[in-house]
Amino acid sequence: MTYSKKGFKKLESNIWKPTEEGDALEGEIVHIDDSGVYGLTVRIEKADGSQVNTPFHRALQNRLRTANLKIGDTIAIVYTHSEKSKKGSDTMLYDIYVKE
């Protein structure tokens with residue numbers, strides 16, 4: 001059901017949501033925040049000027065933390081596949097590339 005009431009508009013999320021293996025997010029890092037409730041978030045400005053935040057997936061956050069990224073870096077994050085964790089939940093896995 002869609003909520004509709006005069007004077008209201010739906011706000012869209014700016015979190016990248018890959019759905020298929022091979023989906024990629026490419027662009028320049030414009031903000032890094034590791035102080036939030038959900039952990040590390042990296043905001044990336046894409047070639048079209050739009051900005052999106054990385055999802056709150058623990059495996060991705062760990063990869064981003066160990067990559068020693070900084071504002072101004074141009075990166076590509078590629079969703080590679082999902083696999084079952086030790087607890088039985090699906091874990092989305094990613095490759096990270098940094099422009100040389």
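Residues 24 or more positions apart account for 46% of the contacts with a separation of 6 or more in this protein, a contact being heavy atoms within 4.5 Å. Keep in mind that this is a predicted model, where local features need pLDDT of at least 70, side-chain atom pairs count only at pLDDT 80 or more, and totals for chains, interfaces and linings use all residues. Numbering starts from 1 along each chain as its sequence is written, and side-chain values use heavy atoms, with hydrogens and water left out.

The 5 strands make an open antiparallel sheet ordered β3-β2-β1-β4-β5; two strands pair if DSSP finds at least two bridges between them. β3 (51–53) and β5 (90–98) sit at the edges with a single partner strand each, so one side of each has no neighbour in the sheet. From one strand to the next, the twist averages 45 degrees.

Now look at β4 (residues 74–84), which is joined to β5 by 9 bridges. Y79 stands opposite Y94 in β5. Helix α1 (residues 58–66) packs on this sheet, touching β2, β4 and β5, and its direction makes about 25 degrees with that of β5; axes are lines fitted to C-alpha atoms, for helices over the stretch in contact, with angles from 0 to 180 degrees between N-to-C directions.

Finally, find V37 in the loop between β1 (24–33) and β2 (41–45). V37 is exposed, at 80% relative accessible area; exposed means over 50%, buried under 20%, and partly exposed in between (1.4 Å probe, protein chains only). Of the 100 residues, 26% count as buried.

Methods: Helices (H or I, at least four residues) and strands (E, at least two) are DSSP runs, numbered from the N terminus.
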